[in-house]
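Could you walk me through this protein model, one part after another?

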Amino acid sequence: MKTYQETIDWLFTNLPMFQRVGASAMKADLTNITALCEYLGNPQKKFKSIHVAGTNGKGSTSHMLASIFQEAGYKTGLTTSPHLKDFRERIRVNGIMADESFVIDFVEKHEEKIINQKASFFEIAIAMAFEYFAQQEVDIAIIETGLGGRLDSTNIILPELAVITNIGLDHTQFLGDTLDKIAFEKAGIIKPDTPVVIGETTSETKPVFTEVAKNRNAEIIFVEDKFFQDLPSDLKGTYQIKNKRTVLSAIEQMQKKGWKISDNNIKAGLLNVIKNTNLRGRWDVLGHDPLIIADTAHNPHGLVEVAKQLNEQSYNQLHLVLGFVNDKDVTSILNFFPKKATYYFCEPDVPRKYSIDELYKIIPEEIKDKHFFDSVYKALNAAKNNAKTHDLIYIGGSTFVVAEVV
């Protein structure tokens, strides 16, 4: 009998994980997940679901939806990725992570199948989530895609509703190098005769969504065409305004399908996302005097919103603790941050990290006040030691940097 930590170590060691090793972990078809779920008795067919895709905001949107359903009294499953601290963050029911014993038993029972199937880490995480939700007899599960949509391991569900938050340039080596190509991949979650809510569009993406929805006889709802009052939430980034509108539009569709969700449930759900679902890393305030904020934004589409939010803050000096993974265009990411800040570059503790030696060679000369550290901990400590009461420390650049500080 393995311990929980031994079980997780076994998964990390034996299964390729995109977050850690990158492209070699990708499986560009649904063969594995289909076989795994058939072997498990197709647990994904035993509960209702909402499917959420998009370049940015899909995590926040999924957590908000889960929080609202919880407030409405529904037993609610939630699977999102990646996790920050504990693998079980990927599998929650009513905000509570799956039991350690469930993870141990699942791996022990199905170890031979997992190895023979040559499954990826994400495929096993999704199969495990589906099995847990079925065992727990959830009323509804919010299923966030991993990467893309059409060929994403989550895309074997037949949901009540599909939600696509937005389209930006990210993971272009897998999803395509233009917005319309990426939109086509994300639109892969649109199912026949099933409504789809689209959070944001561009001139390139809207025709793609319209065409796919038409071909599948799916009602399409563009959030941009609707008006919603901005309701308060405990998720504080200004970019959450767009996500909230998408969530409200999705809830409206679910109400039409007969789900009993009141205005009070919606208000309470949005106000208690962190309490109900334990979401972290979205404009996450870690301290005051100086103000310390961590955010997982790591692509241009997300960083535009972070840059806007930073511009709206008042502070004397900005301290930026930043680390990256090695498939990101670091110089373009740095364009979103002011050159006059004090920079603390660091390495997240993952195999895909952008090493300090490599970073040192590419940081633009316009950034004068820069320091380099071989760990996130050392970089943050240096920032804290340098920062005065009315300064701001921002921590980001990668989900893995944020994971080490929350």
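Let's begin with the ground rules. This is a predicted model, in which local features need pLDDT of at least 70, side-chain atom pairs count only at pLDDT 80 or more, and totals for chains, interfaces and linings use all residues. Residues are numbered from 1 along each chain as its sequence is written, and side-chain values use heavy atoms, with hydrogens and water left out.

How confident is the predictor? The score to look at is pLDDT, the predictor's confidence in each residue, from 0 to 100. The chain has a mean pLDDT of 92, with 94% of its residues at 70 or more. Residues 18-25 fall below 50, and this stretch has 23 contacts in the model beyond near neighbours in sequence; a contact means heavy atoms within 4.5 Å.

Now to the strands. Helices (H or I, at least four residues) and strands (E, at least two) are DSSP runs, numbered from the N terminus, and two strands pair if DSSP finds at least two bridges between them. Angles here run from 0 to 180 degrees between N-to-C directions, and axes are lines fitted to C-alpha atoms, for helices over the stretch in contact.

Follow β1 (residues 48-53) next. Five of its six residues are buried, so the strand is largely enclosed by the rest of the structure. Buried means under 20% relative accessible area, exposed means over 50%, and partly exposed lies in between (1.4 Å probe, protein chains only). With β5 (residues 140-144), β1 pairs in the parallel sense over five bridges, and S49 has A141 as its bridge partner there. With β6 (residues 161-164), β1 also pairs in the parallel sense, over four bridges; here H51 stands opposite A162. Further along, β7 (residues 196-198) and β8 run parallel, joined by three bridges, with I220 as the bridge partner of V196.

Within it, look at β11. Five of its five residues are buried, so this strand is largely enclosed by the rest of the structure. L318, L320 and L322 point one way, H319 and V321 point the other way, and all are buried. β11 pairs with β14 in the parallel sense over five bridges, with L318 opposite L392. β11 also pairs with β12 in the parallel sense, over four bridges, and H319 has T342 as its bridge partner. In turn, β12 (residues 342-345) runs parallel to β13, joined by three bridges, and F345 stands opposite F372.

Where does K257 sit? This lysine is in the loop between α10 (240-256) and α11 (263-271). Its relative accessibility is 40%, so K257 counts as partly exposed. Leaving out residues up to four places away in sequence, K257 touches E160 and P195. K257 and L161 are 96 residues apart in sequence, yet 9.7 Å apart in space, C-alpha to C-alpha.

α1 (residues 4-14) and α5 (residues 100-116) pack at an angle of about 35°, with their axes 9 Å apart. Y4, T7, I8, W10, L11 and N14 in α1 meet E100, V103, I104, V107, E111, I114 and I115 in α5. By class, this contact has nine nonpolar, two polar and two charged residues. Ala, Val, Leu, Ile, Met, Phe, Trp, Tyr, Cys and Pro count as nonpolar, Asp, Glu, Lys and Arg as charged, and the others, Gly among them, as polar.
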